[in-house]
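Colleague: Could you take me through the terms used for this model, setting each value against its definition?

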Amino acid sequence: MWILALDVGTSSIRAIGYDALGRPLPGADARVSCEPTTTPDGGSELDPEELVAATASAIDRCVASAPGPPAAVGASVFWHSLLALDGDGRPLTGVVTWADTRSARAAEALRARLDETAVHARTGAPLHSTFYPAKLTWLGETRPDVFARAATWCGFAEYLLLRLTGRLSASVSMASGTGLLDQRAGAWDTAMLDACGIRPARLPPIDDAPVIGLAPAWRSRWPTLGDAPWLPAAGDGACSNLGTDCSGPDRIALNVGTSAALRLVTPAPRAVPWGLWHYRVDARRHLIGGATSEGGNVLAWARRTLALPGDDAALDAALAAVAPDSHGLTALPFLAGERSPGWRGDARAAVTGISLATTAPQILRALVEAVAYRLAAVYDRLAPVASPGHEVVASGGALGHSRVFTQVLADALGVPLDVREGTEPSSRGAALLALGALGRPAPPPEPSGSLVRPDPRRHDVYAAARARQGRLYDSVVGPRVP
């Protein structure tokens, strides 16, 4: 038996087959690239039809190499996306992604009239452009015609399920990342719906039950999938934790892809520290953590803008030639606004200390270190929630492309990193959720990866640099407390 696992991200879609032990099937692996459309005002959208077509293309190529019908289909889809559907289920907007900051002013307006501490305690989310309350408020103000016509507000995960199966539903996991879920009740938060001016009927029903049966057009395209149970997609971060075997409070997952995050699976927490968010893996497991809008995208931006080497080895060599915090620069890495821990959607990147002698590798090193400092600030808040003696398991494409980046992270956090290379944690996590839904026992954990240990001297250097970054943050962005 095998599981078809989908991993739908904002830059690529993967369809991978996994066996009953959570191991990828040779040859059953397909990838299709995609790219959001960005605009100078902070917009970041994907075309919903193009994304459906790209997902279908990945499925085509995967099932063509797979051994017969899968036992189930699981999916990991990026959190926090929003689109409007009309009464016939047709999109009225693009897929507004988590990186879209056009609703930052709407978030500020919500903070002025709502008790953000209480909102965070109930929904697990601050009032920020990442989440639905700000996005809905902004769309209501800027596109009132669309807001009035919208019969349903959902994310791409729900739209994909609707297109493929004809059923509209949101998993507990996806609902938990909207900023509209009452985390204790597991239902839509009526106070936040009132604040956004919508009714529960305009949101998908929350239901983790698998869907059996494809819409006719898809059934004829994929006859081997016609009777397979399709699980409503879970959030990519939750799947990533499961895929790296970080399924309890003894392991913190660090993932550095386009963006970056630290996450911990835990039973229901008594309280979530400010600066962190609170989502769900499913109805019984909670996910606490923090995410930055920057990660590997800093490397991509520097290659494109600073005319740095495109080859990974050459770029890493240029980074390695710059000693830790030797460049005389202090940086804020907010190329796409700030998420954790300060949640300032209007924040933008800054580099101070540049002189005529400053080089491009020095600027990149300062930005890479700056990302690590922000993640260290998240780790400082998350570590007390984890078990004493916990491990940190690291994964993500950015770490595979840069060993210097990996070492900088270990040195900034001050803890060893168990680095898992060559794994696809989100798709594996989706496969494990599907196996669990079938009643299958959890497979054994994957072997540990390579251990990257922190250097105490570099950790001390970075601690001083973090304090300097904090002073720049307070000066340029300003302290943000709920």
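Modeller: The largest cavity has a volume of about 120 Å³, in what is a predicted model, where local features need pLDDT of at least 70, side-chain atom pairs count only at pLDDT 80 or more, and totals for chains, interfaces and linings use all residues. Residues are numbered from 1 along each chain as its sequence is written, and side-chain values use heavy atoms, with hydrogens and water left out.

Colleague: What makes a space a cavity?

Modeller: On a 1 Å grid over the protein atoms alone, a cavity is a set of points where a 1.4 Å probe fits but cannot get out, and its lining residues have an atom within 4 Å of a point. Of the 17 residues lining the largest cavity, Ala75, Ala157, Leu161, Leu231 and Ala233 are the closest to its centre. Helix α6 gives the largest share of that lining, five residues.

Colleague: Why are α12 and α13 called roughly perpendicular?

Modeller: Helix α12 (residues 312-320) and helix α13 (residues 360-382) pack at about 85 degrees, with their axes 9 Å apart. Angles of 65 to 115 degrees count as roughly perpendicular, and α12 and α13 are therefore roughly perpendicular to each other.

Colleague: Which residues of α12 and α13 make the contact?

Modeller: With contact meaning heavy atoms within 4.5 Å, Leu315, Ala318, Leu319 and Ala320 of α12 meet Pro361, Leu364, Arg365 and Val368 of α13. These residues divide into seven nonpolar, no polar and one charged, where Asp, Glu, Lys and Arg count as charged.

Notes:
Axes are lines fitted to C-alpha atoms, for helices over the stretch in contact, and angles run from 0 to 180 degrees between N-to-C directions. Helices (H or I, at least four residues) and strands (E, at least two) are DSSP runs, numbered from the N terminus. Angles under 35 degrees count as roughly parallel, over 145 as roughly antiparallel, 65 to 115 as roughly perpendicular and the rest as oblique. On a 1 Å grid over the protein atoms alone, a cavity is a set of points where a 1.4 Å probe fits but cannot get out, and a pocket is an open set with protein on both sides within 12 Å along at least five of seven lines; lining residues have an atom within 4 Å of a point. Grid points are joined across faces, edges and corners, and a volume is the space filled by probe spheres set on the points.
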